[in-house]
Amino acid sequence: MKVVLENLTRVFPNRTKGGEDVVAVNNFSFEIPDGKLVGLLGPSGCGKSTTLYMICGLQKPSGGKIYFGEDDVTDLPPEHRGVGLVFQNYALYPHMTVKQNIMYPLQNLKGEDKLTKDEMLKRTVEVAKLVQIDNLLDRKPSELSGGQQQRVAIARALVKMPRVLLLDEPLSNLDARLRLQTREEIRRIQQETGITTIFVTHDQEEAMSISDMIVVMKLGVVQQIGKPQNVYDDPANLFVAKFLGTPPINVFEGEIRGGMLFIGDDPVLAVGKPDRKVVVGIRPEGFILDERGPMHCKIKGVEVMGRDVSVVATNEASLNPVVRSIISAESKVDVAAESVRYSIKPHKLFLFDPETEERIPFEV
Amino acid sequence: MVDSKKQWKAWLYLAPAIVLLLVFTVWPIINTLRMAFLDNYNGMRAVAGEKFNIGIENFKKVVEFKDFFVCLKNTALLCVITVPVSTLLALLISSALNSIKFLQKFLQTIFFLPYVTNSIAIGMVFAAMFNMVRTVRIIQTAGIVNNVIMFFGGQPVNWINAGSTYWANMVVMIIYIVWNALPFKILILLGGMQSINKQYYDAAKVDGSSRSRILWKITVPLLSPMIAYVVITGFIGGFKEYTSIVGIFGENMGPASAAGRLNTMVGYIYDALPNNDYGRASAAALILFGIILIVTLINLQVSKKRVHY
């Protein structure tokens with residue numbers, strides 16, 4: 001089932017006198033193709049959860065339309081939309097066993113959808129097997145680990161075979177190891193069921209690792225939509241470039257003079273653009289250790305991370321406190337040396353307008 | 001932990017409360033026990049210097065006294081009927097209050113008013129509402145209840161006046177006690193409802209629950225600790241029922257034609273006091289304590305299975 005959002009807007013009116021209304025989601029249009037896993041990504045307060053709740057039907061949009069396939073569901077209550085929602089803290093009913101929790105949505109079905117007890121039990125066991133909790137059916141939620149609770153919540157959302165599955169920060173309550181495992185699990189379940197899935201996260205790594213597409217939002221406005229790798233490689237603006245990637249992108253003040261990009265006094269790259277001031281973003285993996293490289297930095301330290309080495313340095317033009325570069329562990333860094341020189345991979349360097357923060361494209 | 005050398009300070013701060021508790025709670029409990037087990041203990045005769053034997057004569061007297069079982073029956077009946085009715089009503093009212101926004105605070109205040117009103121005063125108002133005045137030919141009724149019944153074409157009922165039936169009396173008592181018990185229960189249950197995580201309701205909404213299913217399958221189980229609390233305190237309060245009857249029927253504890261018919265356990269205890277018959281009163285008090293203890297233990301046992309924390 002494809003999901004279409006058309007100029008979706010949500011305004012929270014300000015209750016204090018003379019205050020301004022808060023636009024949580026501003027004119028969001030997007031078509032989510034059938035059977036895809038889409039991540040809504042952004043810092044807190046960017047409107048991603050509001051968007052999810054509008055798709056789910058728990059919040060009413062102030063403007064715009066929502067379609068599931070060809071059906072306009074904008075004014076439908078949640079129970080008639082055919083959505084499954086997994087809450088951030090799972091919202092499992094604490095007084096019911098796992099089985100009762102999963103079965104609960106089925107017991108609410110009325111009229112011709114009504115199931116017999118055997119059918120309900122069969123569906124419950126099926127979906128419990130899918131999320132691999134069929135051995136825990138008689139436990140109470142308080143007797144489960146976080147990861148198991150998460151699975152129960154997913155099972156409860158899936159059991160009535162929703163047209164769209166919605167996940168609100170599905171991994172935020174899990175520890176690091178479980179997070180890795182669960183995100184693959186979500187991917188597997190999504191692919192096995194083929195249900196169009198939308199999930200919300202503030203963790204870019206999480207979004208990038210499992211999504212078919214990501215939507216980056218800021219203050220209610222969509223910044224960029226695309227495949228995770230494309231968004232990473234080709235950010236639309238400084239915000240998106242900063243938000244994606246760990247360690248984060250290095251940002252410098254720069255200037256183009258005579259077609260050459262200067263960071264401080266270092267002529268870094270020939271970009272062939274008219275003279276102007278710019279903001280330069282360089283991905284940590286965009287630096288190459290090079291004794292004759294154009295860029296000078298002062299070494300502060302080296303962090304060894306096994307496969308890679310992260311060189312922490314400073315540069316006067318840097319807008320971040322430190323310049324962090326990631327290089328292969330085989331290349332030797334002379335920590336005793338005062339400075340280090342880099343050359344730059346051109347496709348890992350982006351230019352932005354200092355005022356609008358929009359991307360300035362250039363050809364190498 | 002407090003430094004052991006400074007513990008005297010802690011004791012100093014606690015002292016006023018401890019002294020009051022010792023004088024007004026601990027000593028009376030001990031004294032009740034003492035008086036109950038001294039045969040035929042009488043306050044006046046004790047002052048005169050008479051000595052009493054240790055024994056269970058007082059308890060025998062209580063149980064052999066015919067009015068005792070009338071009191072026990074009335075008390076138990078009122079408890080068994082009013083506690084479930086008032087709990088259910090309080091649940092429905094607080095769930096309705098919880099789901100409205102407009103006038104919520106105002107209605108909350110209205111529902112809470114009986115709690116801060118004097119029970120005797122309320123009893124007198126109830127007596128007036130259910131009153132009935134009979135003249136030779138026509139029944140004239142001063143009470144609003146009979147007026148309403150007659151307005152709809154019904155026959156007036158003798159609720160509380162001389163010649164009224166036992167069950168007419170009981171209906172008035174039950175209405176009064178339920179109404180009087182509601183505010184506290186609503187307060188507790190509404191507070192409990194407001195502390196239930198809203199996400200459960202969102203989840204239930206997405207799952208397509210009807211309102212009644214949400215109430216019985218989500219709200220009530222999540223509210224069960226509060227419900228257990230109001231039921232247990234309700235039973236304890238019910239067994240101590242006394243002022244309501246005095247409020248409506250006066251010290252006769254019943255309509256003029258059948259004084260004492262509506263007497264309760266606490267009423268029975270008080271009856272013994274004017275005669276300085278402290279032994280009997282103490283024995284009755286201990287019996288009441290035993291009954292409340294047993295009922296509360298049963299309540300706790302039942303709620304263990306039903307309450308989800």
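Let's start with one strand pairing: A:A313 has A:V323 as its bridge partner, the latter sitting in β18(A). Keep in mind that this is a predicted model.

- β16(A) and β17(A) make a hairpin with three residues between them, and A:G306 in the turn shows a positive phi of about 85 degrees.
- β17(A) itself spans residues 308–314 and is mostly covered, with six of its seven residues buried.

**The four-stranded sheet of chain A**
- Elsewhere in chain A there's an open, antiparallel sheet of four strands, ordered β2-β1-β4-β5.
- Its edges are β2 (22–32) and β5 (71–72) of chain A, each of which pairs on one side only.
- β1(A), residues 3–12, runs antiparallel to β2(A), and seven bridges join the two.
- One of the pairs to look at is A:V11 with its bridge partner A:V23 in β2(A).
- Helix α1 of chain A (residues 48–56) lies across β1, β2 and β4 (63–68) of that chain, and runs at about 120 degrees to β1(A).

- As background, most residues other than glycine have a negative phi, and most peptide bonds are trans.
- A:T246 to A:P247 is a cis peptide bond, with omega near -10 degrees.
- You'll find A:P247 in the loop between α8 (238–243) and β11 (250–257) of chain A.
- A:E169 isn't a glycine, yet its phi is positive, at about 45 degrees.
- A:E169 sits in the loop between β7 (164–168) and α5 (176–193) of chain A, and it counts as buried because its relative accessible area is 7%, under the 20% cut-off.
- B:N40 is another non-glycine with a positive phi, this one about 55 degrees.
- B:N40 belongs to the loop between α1 (7–36) and α2 (43–47) of chain B, and its 31% relative accessibility makes it partly exposed.

**Chain A overall**
- Chain A has eight helices and 21 strands, and its C-alpha atoms fill a box of roughly 75 × 50 × 40 Å along the principal axes.
- Of its 364 residues, 52% are buried.
- Chain A exposes about 17200 Å², with carbon and sulfur atoms supplying 49% of that.
- Among chain A contacts between residues at least 6 apart in sequence, 65% join residues at least 24 apart.
- There are 45 positive and 49 negative side chains in chain A, and the centres of the two sets lie 4 Å apart.

**Chain B overall**
- Chain B has 14 helices and two strands, and its C-alpha trace spans about 80 × 75 × 35 Å along the principal axes.
- Of its 309 residues, 41% are buried.
- Chain B exposes about 17700 Å², and carbon and sulfur atoms supply 68% of it.
- For chain B contacts between residues at least 6 apart in sequence, 63% join residues at least 24 apart.
- Chain B carries 26 positive and 12 negative charges, whose mean positions are 11 Å apart.

How values were computed:
Residues are numbered from 1 along each chain as its sequence is written. Chains are lettered from A and ligands numbered from 1 in the order in which they are written. This is a predicted model: local features need pLDDT of at least 70, side-chain atom pairs count only at pLDDT 80 or more; totals for chains, interfaces and linings use all residues. Side-chain values use heavy atoms; hydrogens and water are left out. Buried means under 20% relative accessible area, exposed over 50%, partly exposed in between (1.4 Å probe, protein chains only). Contact means heavy atoms within 4.5 Å. Accessible areas come from the Shrake-Rupley method with a 1.4 Å probe; for residues, only the protein chains shown count as cover. Lys and Arg count as positive and Asp and Glu as negative; His and the chain ends are not counted. The place of a charge is taken as NZ of Lys, CZ of Arg, CG of Asp or CD of Glu. Two strands pair if DSSP finds at least two bridges between them. Axes are lines fitted to C-alpha atoms, for helices over the stretch in contact, and angles run from 0 to 180 degrees between N-to-C directions.
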